[in-house]
Every structure is written in structure tokens, then in C-alpha cells.
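Please read these notes with the model open beside them.

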Amino acid sequence: MAEPTPVTPVEPIISFKGVNKAFGSNVIFEGLNLDIYRGETLTIIGGSGTGKSVTLKMLIRLLRADEGSITAFGEEVTTMKPKALLALRRRIAMLFQGAALFDSLTVAQNIKYPLIEHGWKDEDKMTARVREVLDQVGLGKIEDQKPASLSGGMKKRVGLARAIAIKPDVILYDEPTTGLDPINVRRINGLIRHLQESLGVTSIVVTHDMDSCFTVTDRLAFLYNKRIEWVGPPEAAREAPLEILREFVKGGSGILEDDLYI
Amino acid sequence: MNGVVELMGHIGGVARLSLDTFKAVFVPPWNLDLLVDQLDRAGIGSWSIAVLTALFTGAVMAVQFAVGLEPYGASLYTGKLVSLGIVRELGPTLTAVLVGGRVGSGFTAEIGSMTVTEQVDAIQALGADPVKKLVVPRVVACIIMLPLLTILADFVGCFGGMLVAMNEVGITPRFFLEQVIDTLGVVDLVHGLAKSVFFGYFIAILGCYQGLHTHGGTEGVGRATTDTVVAISITVLVSNFLLTNIFLKIYG
């Protein structure tokens, strides 16, 4: 009888271990632990001000953790040198809450920005890449428009096009559907799912929107009490032992915002 | 006590930003387009303020000196006093205060808006350095343009003084210019221009620092912009006193 093939444990590509973070006297995290695996879509939920966006920003070191370890692709982020940090930001892209497009640049210039910073020189190739990513996010010929002339949904999609232009391995989505109409919410959710399925991109989504959460996510992480209190499949959240999570997932009819902000 | 701690924190922050800016200046690639854009906006866009300020400052100085010196029969020396006052002190200082108010507040408003809308975070996330992209071009542009605007203000200020002296005292342009040339030495010009280099640096670094540390949405941008104008005005006036003393000790 053949020996059973040993199962190799899957290593997380991103890992937060014992992370502490405070802004002055305002403690955000005390011992944050979280693992993210290749190819999955993980959604972080939690009340306002519990540090969901801070988690994303610490991962690409837009904010520094006070203590603890954050590793990405096997490298320690908290002590990374500038060159390694640049390489990390080539692999992990972020879609900001308000898209954060540069007002003074056109759509095409916005999308070319990371390409130039990461060493692309050929103008024709960059122009072709701009067209390609705009097609991927379902936008027509808007290359020469300035962000001010775009709708909220279009800005989000241009922001996403800019994020995927450098073909990242991981995309961080900070409230990707906030402030959008239902059609654009569906469109953005579809894009997140499409990028995961077609390009194998790992996604970390921060959101308040539970409908979106159940549409796009493989695993749910609940931020509460200054740490991740629960991680699991979205369906299991409805039956989770943590009452406040069950209420949050249901839509929060029985909880107050103050209860979440612990 | 809290105010002192806060002030020390800001001084430390400005020193840190200055160090980062100094290091970033020498790291390629250098983006000349950004520098040219700032030279245009900060420098060329400010020439009219510098000219108007200097013209009327020179004129009012000439009026005061002409009237004040008349009882002593010394109003003929109006040209000497106006030119010395303009070139050593009022040209660089008033230009810095007024251009600083315009340019520094503009820097804070622009960078502050970018900060509160996460565009500065986006610059970093996309692999660039906000200090290199936003601060370096502004600091270099102000260090180049402030002395040039000061030279312009010196000329126009003396011209304004000359126009008034011709009318009030009845001296000829030639006599006025001879007095100016006799009075002013290279040291006087260097004295004023050297100060304007420092003023240019203070204007840009304070404007950028406030912008990068803006928080609290659009209200925060407004608050930061106002703070910048106050900070630049005070810094220019205080540093003018210190620099003047230092230069007088060096050059006499």
C-alpha cells in the first residue's frame, strides 16, 4: 500500500503577528494577528474607527506599526529598507477610499504614474497598458479627461485601473463601494471577483457593506476589541459565537456604534 | 507648556523634513518639469506683488525721508537712505513676507488637499517619494526665485523712491542714481540677496510641512493655510533680525 502523500501546510503570504498601534493616547491595536493566503479574498469588517484602513496602510507601510511583526512574501515589512519597500509596493497595490486620483493629471497620466515609478520607459507600451486596464475595468475612451470630470463610480474604476496597471499580486481595497449607487456597487464587486478569478490576485477588502462582503469574500475577519476577534467563512459568521458579530452581519439592528468601538 | 511642546514638535518636524529634502535633492532621477512648473507658479506668478510692494515702499520711504530731513537741509540724501533701506532690508523682507503669504499658503492648500484626500498616501503606495515629488521642486524653486524677485524689488523700490524724490525734493534722476551707486556696495547687495535665499527656503519648507501635516478635511486645509501665513511672516521677520546680525558681524 502506497504511503499517503504528506499534506504541505499552506503558508500565508501576509501575516500580522502581535501588532500594536496607537495614535497618541488612542490605542487602535493590541496584539493584532491575521494571516492572508495566496489567491483568496479576505474582507475585514468592524465598526468605524476600529482600524480597518490602518491595517491596510500598515501592510504597505504608509503607517508604521508600533510593535509586532508584519510579513509579506516572507519579508519583514516593519524594518524594510526603501528599495525593498519599493519592490513590495510593486507587488501590493491599493485602491483608496476616495480613489485618490491626482487632480492635476489626466486619467492616462494617473494610470501611467506607477508604471513610470516602477521603471517603464516605452511610451507606446505604457499607452497600450493604459488602454488594456481601462478595458478591464469597463471604461471607454476617457484617457484625456481629468478626474474632476468623472463620476464617483468612474473614479473608483480608474483608481482600480491604476492599481492593477503594474500587475500586482495583492490588491488592497479600502471601502471600494462606499458612496456608490447599486449599479456601480455591483460593477465594483464584479471587478474584485473577476480580478481574483482571472488574474489570481489576492484581495484584502475593508468594507461596511455586508452585501458586498458576502458577494466577494472567501473569508471574513472581524475587528473588535483592538484585535481580530473572529476569522472564518462568511456564512459561518451568521452562526458565530460572538453575538456582536452576528448582529453586525445581520445589519446591526440590535447594536449601537459605541458597542463596536471598543 | 503644551504650546511649547507643540512648537518644539513642529520645529523638529520641519528639521526632519529639511533633512529628507536635502537628501532627496541629490538622488536621481531629477524631474525638471516639476521644477519648471514651480519656478513659473512661485516665481513668475509673484512678480507683480513684488513690484507693487517695492514701488510703493520705495515711494513712501522717499516721502518720509524728504520731509524728515528737510529741517536739517539733508533731503538731498534721500536717494542714499532709500536705496540702503530697500536693498539691505525692505526689499528682501517685504518681498518674502508678501510672496511668502501668497506662495506658502498656496503650497499648504495644494499639498494639504492632497493629504486629506489620500493623494499623498497614493504617491507612496504607487512607489514614489512625496518629498521628492512635492517638496523638493517647491523648495528649489523658492530658493532660486526669491533672490531674483528681490533683485527686481530692489530696482523697482529705488525707482519708486526716485520718482518721489524728483517731485518732492526736485533732484534729478542722474543725481539720485549717482547717490545710489555711491552708497551701495557689493556687500549690501549680497547681504540682501543672501537673506532672500534663506527666506525662500523658509517659505517653501513651512508651506510644504503644514500641507503634509494637514488633517481634519477641508476645514483642516483652511486652518493649515492660515497657520502657514502666520508662521511664514513670523519666521521671516525673526530670522531677518538674526541673519542681519550675523551678516553685519561677518561683513560689517
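1. In chain A, β3(A) and strand β8 (residues 202-206) pair in the parallel sense over four bridges. Helices (H or I, at least four residues) and strands (E, at least two) are DSSP runs, numbered from the N terminus, and two strands pair if DSSP finds at least two bridges between them. The bridge partner of A:Leu42 in β8(A) is A:Ile204.

2. On conventions: this is a predicted model, in which local features need pLDDT of at least 70 and side-chain atom pairs count only at pLDDT 80 or more, while totals for chains, interfaces and linings use all residues. Residues are numbered from 1 along each chain as its sequence is written, and chains are lettered from A and ligands numbered from 1 in the order in which they are written.

3. Strand β3 (residues 41-46) of chain A also pairs with β9(A), in the parallel sense and over five bridges. A:Leu42 stands opposite A:Arg219 of β9(A), and the partner of A:Thr43 in β9(A) is A:Leu220.

4. How enclosed is β3(A) by the rest of the structure? Six of its six residues are buried, so β3(A) is largely enclosed. Here a residue is buried if 20 or more other C-beta atoms lie within 10 Å of its own, exposed if 12 or fewer, and partly exposed in between, with C-beta atoms placed from the backbone. In a regular strand the side chains alternate between the two faces of the sheet. Both faces of β3(A) are covered: A:Thr41, A:Thr43 and A:Ile45 are buried on one side, and A:Leu42, A:Ile44 and A:Gly46 on the other.

5. Strand β9 (residues 219-224) of chain A is mostly covered, with five of its six residues buried. Besides β3(A), β9(A) is joined by five bridges to strand β10 (residues 227-232) of chain A, and these two run antiparallel. A:Leu223 stands opposite A:Ile228 in β10(A). The two strands β9(A) and β10(A) form a hairpin with two residues between them, and A:Asn225 in the turn has a positive phi of about 60 degrees.

6. A:Gly49 lies in the loop between β3 and α1 of chain A. This glycine counts as partly exposed because A:Gly49 has 13 C-beta neighbours inside 10 Å. The C-alpha atoms of A:Gly49 and A:Ile28 are separated by 8.2 Å, and the two residues are 21 apart along the chain.

7. A further sheet in chain A is open and has four strands in the order β2-β1-β4-β5, with antiparallel pairing. Its edge strands are β2 (26-36) and β5 (75-76), each of which pairs on one side only. Strand β4 (residues 67-72) and β5(A) pair in the antiparallel sense over two bridges, and A:Ala72 stands opposite A:Glu75 in β5(A). Helix α1 (residues 52-59) packs on this sheet, touching β1 (14-23), β2 and β4 of chain A, and its direction makes about 115 degrees with that of β1(A). Axes are lines fitted to C-alpha atoms, for helices over the stretch in contact, and angles run from 0 to 180 degrees between N-to-C directions.

8. Chain B has nine helices and zero strands. Its C-alpha atoms fill a box of roughly 70 × 45 × 35 Å, taken along the principal axes. Buried residues make up 45% of the 252 residues in chain B. Among contacts (C-beta atoms, placed from the backbone, within 7 Å) between residues at least 6 apart in sequence, 89% join residues at least 24 apart.

9. In chain B, helix α4 (residues 78-116) and helix α9 (residues 217-251) pack at an angle of about 150 degrees, with their axes 8 Å apart. That makes α4(B) roughly antiparallel to α9(B), the cut-off being over 145 degrees. The contact includes B:Gly100, B:Gly104 and B:Thr108 of α4(B) and B:Gly220, B:Ala224 and B:Thr228 of α9(B). By class, this contact has nine nonpolar, 14 polar and no charged residues. Ala, Val, Leu, Ile, Met, Phe, Trp, Tyr, Cys and Pro count as nonpolar, Asp, Glu, Lys and Arg as charged, and the others, Gly among them, as polar.

10. Between the chains, 10 residues of chain B are in contact with 15 residues of chain A. The side of chain B that touches chain A has four nonpolar, four polar and two charged residues.

Key
Contact = placed C-beta atoms within 7 Å. Parallel < 35°, antiparallel > 145°, perpendicular 65-115°, else oblique.
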